[in-house]
Amino acid sequence: CCALLVLKELFPDRYSTLEILDKPDLQGVNVGVEVTIADDRNHQEALNNWVKACHCDDEKKSKYYNERMKQLGVIYTGGIQAWPGQVPSLKYVKESIHAKIRKLKAGNYKRFLNDELFIFTDTWMHKTLLNEVEKFLADNKVFEFFSRVYILEQGSNLHIFEENYYKKVIIDVSEQTDRNIR
């Protein structure tokens, strides 16, 4: 849903007919967009438990969310959460791209004139990693499967990759927060 809103609102001419379906996740006239998350699963679960703990009035449930975070290596610190440091890596981005290509090859996906991929990640995409992404996409012939790859970094930097083309769109944080809420 969030990917749908990002695409429709930032690129209304291209994605005006896009709707949520399955295989691929978003479908419109001549375009299908598969959506995925490329982050550490334990971090995702810890983040999910943190959000639940922050908004939970039930003390028993809140304690469970806190304990689960602790099991995942994160100590609950309340509304302003301290997270363990991570070294930025493309590991999860690469894994998610490979997984989506395997699924496309296996079939059962409606094919479009333009098949695209939208990736959410918390990975900080500094210049070295961006160069590594471009090389990875070319070396692995990703554009034979997806004509365009979007990587939404930390909710506010949208990286757009096409064969021999790259663009970065900086999204206003309050605008993106409104999308996330919707």
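These legends walk through several views of a predicted model. Residues are numbered from 1 along each chain as its sequence is written, and side-chain values rest on heavy atoms, with hydrogens and water left out. Because the model is predicted, local features need pLDDT of at least 70 and side-chain atom pairs count only at pLDDT 80 or more, while totals for chains, interfaces and linings use all residues.

View 1. Helices (H or I, at least four residues) and strands (E, at least two) are DSSP runs, numbered from the N terminus. Read from the N terminus, the elements follow the order α-α-β-β-β-α-α-α-β-α-β-β-β-α. The radius of gyration is 18 Å, close to the 16 Å that the globule rule gives for 182 residues, so the protein is as compact as a globular protein of that length. That radius is taken over C-alpha atoms, and the rule is 2.2 Å times the number of residues to the power 0.38. Along the principal axes, the C-alpha atoms fill a box of roughly 50 × 35 × 35 Å.

View 2. The protein exposes about 10700 Å², of which carbon and sulfur atoms supply 51%; the areas come from the Shrake-Rupley method with a 1.4 Å probe, and for residues only the protein chains shown count as cover. Of the 182 residues, 42% count as buried. Buried means under 20% relative accessible area, exposed means over 50%, and partly exposed lies in between (1.4 Å probe, protein chains only). Among contacts (heavy atoms within 4.5 Å) between residues at least 6 apart in sequence, 59% join residues at least 24 apart.

**View 3. Seven strands line up in an open sheet, in the order E1-E2-E3-E4-E5-E6-E7.** The pairing is mixed; two strands pair if DSSP finds at least two bridges between them. Strands of a sheet pair through backbone hydrogen bonds, either parallel or antiparallel. Strand E1 (19-20) and strand E7 (165-170) stand at the edges with a single partner strand each, so one side of each has no neighbour in the sheet.

**View 4. Strand E4 and its two partners come into focus.** E3 and E4 run parallel over seven bridges, and Val-31 has Asn-114 of E4 as its bridge partner. E4 also pairs with E5 in the parallel sense, over six bridges. Six of the eight residues of E4 are buried, so the strand is largely enclosed by the rest of the structure. Next along, E5 (residues 148-153) and E6 (residues 157-162) pair in the antiparallel sense over five bridges, with Tyr-150 bridged to Ile-160 in E6.

**View 5. Two helices lie across the sheet strands.** Helix H5 (residues 91-106) lies across E3 (31-37), E4 (114-121) and E5, running at about 150° to E4. Helix H6 (residues 127-139) lies across E5, E6 and E7, at about 30° to E6. Axes are lines fitted to C-alpha atoms, for helices over the stretch in contact, and angles run from 0 to 180 degrees between N-to-C directions.

View 6. Rings of Phe, Tyr and Trp (its six-membered ring) pair if their centres lie within 6.5 Å; planes under 30 degrees apart count as stacked, over 60 as edge-to-face and the rest as tilted. Tyr-64 and Tyr-65 have ring centres 5.9 Å apart and planes at 65°, so their pair is edge-to-face. Phe-161 and Tyr-166 have centres 5.0 Å apart and planes at 45°, so theirs is tilted. Phe-161 is buried at 2% relative accessibility, whereas Tyr-166 is partly exposed at 28%. Phe-11, Tyr-15, Phe-118, Phe-120 and Tyr-150 form one aromatic cluster, and Phe-118 stands opposite Tyr-150 in E5.

**View 7. Three loops have backbone details to look for.** In the loop between E1 and strand E2 (26-28) sits Pro-24, joined to Lys-23 by a cis peptide bond with omega about 5°. Lys-141, in the loop between H6 and E5, has a positive phi of about 50° although it is not a glycine. Gln-154, in the loop between E5 and E6, is another residue other than glycine with a positive phi, near 50°. Lys-141 is partly exposed at 48% relative accessibility, and Gln-154 is partly exposed at 43%.
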